[in-house]
Amino acid sequence: MIELIQVSKTFVTRGQTVHALAPTDLTVPQGSVYGLLGFSGAGKSTLLRLINRLEEPSGGQVRVAGADLTGLSQHALRQARQQVGMIFQQFNLLSSRTALENVALSLEIAGLPRARQHARAREALAAVGLSDKEKAYPAQLSGGQKQRVAIARALATDPKILLCDEATSALDPHTALSILRLLKQLNRERGMTMVMVTHDIKVASYLCEHAVILEKGRVVDRIDMQAPQPQSLLGKFFFETAKGWTDQTALPQEDA
Ligand SMILES: Nc1ncnc2c1ncn2[C@@H]1O[C@H](COP(=O)(O)OP(=O)(O)OP(=O)(O)O)[C@@H](O)[C@H]1O
Ligand SMILES: [Mg+2]
């Protein structure tokens with residue numbers, strides 16, 4: 001469903017060059033949930049944003065559902081992006097709009113006739129269990145409810161792929177699990193392909209079939225989450241932390 005071939009990203013700002021992602025291959029099978037794990041600055045968000053071309057690759061090819069995203073015009077890119085929804089750590093809702101209006105906005109952008117926007121937005125809110133909150137403003141919602149609105153907004157256009165950037169990092173464990181359950185349900189019932197950025201191995205263990213571990217812009221481990229056998233020091237560290245930290249837990253970097 002998603003294929004990255006030798007995709008790389010270098011940022012150049014005010015004479016400074018940051019190699020955010022070394023040439024990377026990644027294949028995400030249709031209907032699967034794929035994890036991108038790593039510490040802060042590893043390049044997880046950059047890799048995720050390359051999938052829907054929110055970042056322009058410095059090299060390589062991005063293929064989504066068989067189409068090469070790198071060669072598309074702005075118009076064709078807008079259409080291709082409708083197959084890809086995205087949710088974020090900080091929810092990114094518009095504070096001046098109600099829950100329903102936030103969801104309807106994505107339909108407006110997708111070009112759905114105005115008369116049908118609210119009905120579709122209501123369906124999406126119902127799918128995330130928030131029918132009773134359609135008139136609420138973001139400030140009147142809890143973090144978990146805000147993330148549900150954001151998921152409804154992403155779902156409303158019926159995308160084939162959902163990209164999640166630390167979607168549960170700002171939530172308490174109880175609320176986080178309820179959101180992860182919702183995502184799992186969407187994956188199972190709609191066959192939606194998902195890519196999840198996380199630094200939390202528990203999130204990846206619960207939801208992902210495959211994961212890569214990123215370190216300083218490179219994939220250092222590729223993990224089958226059903227039978228994890230991390231090879232890298234960082235990969236081993238991630239799985240150690242899932243058991244809880246002890247004085248014996250080895251840090252992956254000497255200077256960490
Ligand atoms: N727009 C940008 N301009 C310049 N450098 C950038 C830009 N976006 C990201 N970077 C750099 O690219 C590297 C990877 O950043 P990225 O945001 O992908 O990391 P991350 O793994 O998502 O980290 P975090 O867990 O903190 O979100 C970092 O060194 C970052 O400073
Ligand atoms: Mg990030």
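Visitor: Which residues are the closest to ligand 1 among those that surround it?

Guide: This is a predicted model, in which local features need pLDDT of at least 70 and side-chain atom pairs count only at pLDDT 80 or more, while totals for chains, interfaces and linings use all residues. Residues are numbered from 1 along each chain as its sequence is written, and chains are lettered from A and ligands numbered from 1 in the order in which they are written. A residue is near a molecule if its C-beta atom, placed from the backbone, lies within 6 Å of it. With 13 residues surrounding ligand 1, the closest are Phe11, Ala20, Ser40, Ser45 and Thr46.

Visitor: Which element gives the largest share of the shell around ligand 1?

Guide: Helices (H or I, at least four residues) and strands (E, at least two) are DSSP runs, numbered from the N terminus. At least two residues of the shell come from each of strand 1 (2-13), strand 2 (16-28) and helix 1 (44-51). The largest share, three residues, is that of helix 1.

Visitor: In strand 5, what is the bridge partner of valine 64?

Guide: Strand 4 (residues 59-64) and strand 5 run antiparallel and are joined by two bridges. In strand 5, valine 64 has as its bridge partner alanine 67.

Visitor: Why is strand 6 described as largely enclosed by the rest of the structure?

Guide: A residue is buried if 20 or more other C-beta atoms lie within 10 Å of its own, exposed if 12 or fewer, and partly exposed in between, with C-beta atoms placed from the backbone. Strand 6 (residues 84-88) also pairs in the parallel sense with strand 7 (residues 161-165), over five bridges. It is called largely enclosed because, of the five residues of strand 6, the number buried is four.

Visitor: Against which helices do the buried residues of helix 3 pack?

Guide: In helix 3 (residues 99-109), the buried residues are Ala99, Leu100, Asn102, Val103, Ala104, Ser106 and Leu107. Contact between two residues is taken to exist if their C-beta atoms, placed from the backbone, lie within 7 Å. The buried residues of helix 3 pack against helix 4 (114-127) and helix 5 (143-155).

How values were computed. Pairing = 2+ DSSP bridges.
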